[in-house]
Amino acid sequence: AKGGERLIDNSAINTLHNSLIKKAYLITPNIPEAEVLTKIKIKNIDDMVSAAEILIKLGAKKILIKGGHTKSKKVEDLFLTKKECKIVKNKIA
């Protein structure tokens with residue numbers, strides 16, 4: 001949610017972990033969503049990589065973590081598969 005409130009309960013998170021993520025071809029969480037799914041705090045690009053690796057281990061084929069929630073003058077998005085890792089950097093307008 002825009003205000004930072006969680007819109008999903010623990011039961012739904014368990015369903016995502018146990019059923020949906022492993023069937024997904026691509027998941028596109030933003031940083032707060034990736035933190036909820038992986039239970040790690042994301043402060044930088046290395047944390048984003050760690051979170052994406054957890055999601056890959058849960059069975060997702062490709063991950064795009066959207067980095068627009070950082071307090072930086074640039075946005076860094078992370079794309080990860082088992083074979084590649086790409087960081088896309090853009091300036092905030």
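Colleague: With which residue does the side chain of Glu76 meet in a salt bridge of 3.7 Å, N to O?

Modeller: The partner is Lys89, whose side chain meets that of Glu76 in a salt bridge with N to O at 3.7 Å. Glu76 belongs to strand 3 (residues 74-80) and Lys89 to strand 4 (residues 85-91), so this pair ties together parts that lie 13 residues apart in sequence. Here a salt bridge is a side-chain nitrogen of Lys or Arg within 4 Å of a carboxyl oxygen of Asp or Glu. In general, side chains of opposite charge can pair when their charged atoms come close.

Before going further, please note that this is a predicted model, in which local features need pLDDT of at least 70 and side-chain atom pairs count only at pLDDT 80 or more, while totals for chains, interfaces and linings use all residues. Residues are numbered from 1 along each chain as its sequence is written, and side-chain values use heavy atoms, with hydrogens and water left out.

Glu76 also meets the side chain of Lys74 in a salt bridge, at 3.9 Å from N to O. How accessible are these residues? Buried means under 20% relative accessible area, exposed means over 50%, and partly exposed lies in between (1.4 Å probe, protein chains only). Glu76 counts as buried because its relative accessibility is 18%. Lys74, at 37%, counts as partly exposed, whereas Lys89 is exposed, with a relative accessible area of 52%.

The structure holds four salt bridges, and one of them joins Glu84 to Lys86, with the closest N and O atoms 3.5 Å apart. Both of these residues are partly exposed: Glu84 has a relative accessible area of 32% and Lys86 one of 48%. Returning to Glu76, salt bridges that share partners join this residue, Lys74 and Lys89 into one network.

The strands named above can now be placed in the chain. Three helices and four strands make up the secondary structure, where helices (H or I, at least four residues) and strands (E, at least two) are DSSP runs, numbered from the N terminus. Along the sequence, the pattern reads α-β-α-α-β-β-β. The chain has 93 residues, and 33% of them are buried.

Elsewhere in the chain, helix 2 (residues 31-38) packs with helix 3 (residues 45-57) at an angle of about 55 degrees, their axes being 10 Å apart. This makes helix 2 oblique to helix 3. For such angles, under 35 degrees counts as roughly parallel, over 145 as roughly antiparallel, 65 to 115 as roughly perpendicular and the rest as oblique. The axes are lines fitted to C-alpha atoms, for helices over the stretch in contact, and angles run from 0 to 180 degrees between N-to-C directions.

Ile31, Leu37 and Thr38 of helix 2 meet Met48, Ala51, Ile54 and Leu55 of helix 3. Six residues of this contact are nonpolar, one is polar and none is charged. Contact means heavy atoms within 4.5 Å. Ile54 is partly exposed, with a relative accessible area of 30%. Apart from neighbours within four places in sequence, Ile54 is in contact with Thr38 and Ile40.

Technical notes
Nonpolar A, V, L, I, M, F, W, Y, C, P; charged D, E, K, R; others polar.
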